[in-house]
Amino acid sequence: MLSGFQSFLWRAMAGIILTSLIALSSPAFSEASPELPRIESKDGKHIFYVDGKPYLMLTGQVHNSSNYPAMLPKVWPVIKQLGANTVQVPIAWEQIEPSEGHYDFSFVDELLQQARANNVRLILLWFGTWKNTGPGYAPEWVKTNPKRFPRMKRPDGQDHYVLSPHGRATLEADKQAFVRLMQHLRATDPKHTVIMVQPENEVGSYGLARDHAPEIEKLFRGPVPQELARLKGKSGSWQEVFGEFAEQAFSSWHFARYIDEIAAAGKAAKNLPMYCNAALGDAFNAKAASTSPSGGPQWNMIDVWKAAAPHVDLVAPDIYTRDHKAYTAYLNHYARPDNPLFIAETGNDADYARFLWAALGKGAIGFSPFGMDASGYSNYPLGAKELDAKTIEAFASKYRVLSLAAGWWAKIIGTRPMWGAAKAPDAADQSHVFGRWRVTAQFELWQFGERDMPWLKTDPHPTKGQPVGGVLVAQLADDEFLVTGSDVRVRFNPSQPDKGPGGGILRVEEGNFAPDGTWQMIRVWNGDQTDYGLNITSEPVLLRVKLAWGH
């Protein structure tokens, strides 16, 4: 008789085998033309598919100016050391259309060739009308023609630095260049080395909530679109419907509509998943978030963006806070049944690495530290002062345990109950209930002994006060779990010990999944290895845990 765990694996394997047989029997199938990448959502969970198989994006993003052929040799060694399966690389509008109507895709072609040689997939970041809200990557022929390509206007009529989302000529020019890029991918990338595209980057406006050009003033005083009237359950002007958030909602709608038109045109050329990333404001105060930057996919405007941009598959947070509470809040804001969670950017300093566990526990389809190359640039204090081997290893150690069967992790994360946690500054215990079991993560403990053993004298744990440690737990069946993590002690106890016979650990296997999904055991943990919880050091391992109810 199959165990719950074996049954789960058998069903998953059977589904993938059946899908493969159907694909192979189709006349349209060929090795050169795998399925387009796609995102599927069901029951509030999400799975990203690449080549028709679940795919977990273990990603790294290069620095902004590493998007030239001469810089690529400084990229691949770091990506290899990181163990990433996906790389995010900017493609600048000024780069592919330096003069209007004349296109240059030489870097795109070189990037595709080298990515394939290094066995990684790509996410292209379209730096077009906006990059970090500004026009820095627009071509010179756009930046120097404000009459044709207008900036947002301040109330006094002066130009703001942001290209206006109401500029039709700007939209048409950007869209044409983006479509040419997507057409080029359709022609030159039949195996879908590029699996996702980000149209624009961190859009919105700092220092000015909306455009105040005369014709835009009239638009702002008019009624909200019907989609938003239905969303809010009332009609009227922006002020009447959105109150103190009227200007932010107005900008969010128009930035999102602008990008949606670009995304729709790009998808018509090649239907790849597309996302927009958010430069984040305050994690807890919506009013404070409304100004940083206004118009972008801030957490309090996700519903507006969803209504305005149906061709954008998801909005993703760029998280550069080291604050545990704020980081957790951002995960909660962006992990939604209608929005797959993707940490599109996060800091590349070692203390950010532990948040991978929390992100995956929230169902993330991918995670990406920013600045993963040897170009010598550092965005400290947002990231590391120096990207040395120890810093990279903080992420690489976690990627290693997941990458052996990243597809299976994507399937499990997208179908099974999950929980993840990152160590908080106070190193307090964190717990989660899975049915009749409570899982608890503890930190700053040696592998042997308990805190309350007066006879056991120890030195302070080396991780005391350090921002390291976390856990990821997946429930495979009522009494079966997968556990991984780093610098953590994990305990399983009955969730309601006074209402049942209790229970405990029956068997713990250390191992991992083979590429075909079969479990490969390395050893059984017992004795010292289980007497004081399941203790995982800085080198993550994967544990299959079977519990005995009533033991």
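A residue is called buried when its relative accessible area is under 20%, exposed when that area is over 50%, and partly exposed in between, with a 1.4 Å probe and protein chains only. The model is a predicted one, in which local features need pLDDT of at least 70 and side-chain atom pairs count only at pLDDT 80 or more, while totals for chains, interfaces and linings use all residues. Residues are numbered from 1 along each chain as its sequence is written, and side-chain values use heavy atoms, with hydrogens and water left out.

By the cut-off for burial, E202 counts as buried at 10% relative accessibility. E202 lies in the loop between β9 (194-201) and α7 (214-221), where helices (H or I, at least four residues) and strands (E, at least two) are DSSP runs, numbered from the N terminus. Another backbone detail is the peptide bond from Y380 to P381, which is cis, with omega near 15 degrees; P381 belongs to the loop between β13 (366-369) and α15 (389-403).

The loop between α14 (355-361) and β13 holds I365, which counts as buried at 4% relative accessibility. Which residues does I365 contact, leaving aside its neighbours within four places in sequence? With contact meaning heavy atoms within 4.5 Å, the partners of I365 are I39, H46, F48, Y55, L56, M57, L314, P340, L341 and F342. I365 and V545, which are 180 residues apart in sequence, are 24 Å apart in space, C-alpha to C-alpha.

We turn now to the helices. Two packed helices are described by the angle between their axes and the distance between the axes. Here axes are lines fitted to C-alpha atoms, for helices over the stretch in contact, and angles run from 0 to 180 degrees between N-to-C directions. The axes of α6 (residues 168-188) and α10 (residues 246-269) come within 8 Å and cross at roughly 25 degrees. The two helices α6 and α10 are therefore roughly parallel to each other, given that angles under 35 degrees count as roughly parallel, over 145 as roughly antiparallel, 65 to 115 as roughly perpendicular and the rest as oblique. Their contact joins residues of α6, including F178, V179 and M182, to residues of α10, among them Y258, I262 and A265. By class, the contact of α6 with α10 has nine nonpolar, three polar and six charged residues; Ala, Val, Leu, Ile, Met, Phe, Trp, Tyr, Cys and Pro count as nonpolar, Asp, Glu, Lys and Arg as charged, and the others, Gly among them, as polar.

Of the 24 residues of α10, 18 are buried, so this helix is largely enclosed by the rest of the structure.

Helix α6 also packs with α4 (residues 106-117), the axes coming within 11 Å and crossing at roughly 45 degrees. That angle makes α4 oblique to α6. In this contact V108, D109, L112 and R116 of α4 meet L181, H184, L185 and T188 of α6, and the residues divide into four nonpolar, two polar and two charged.
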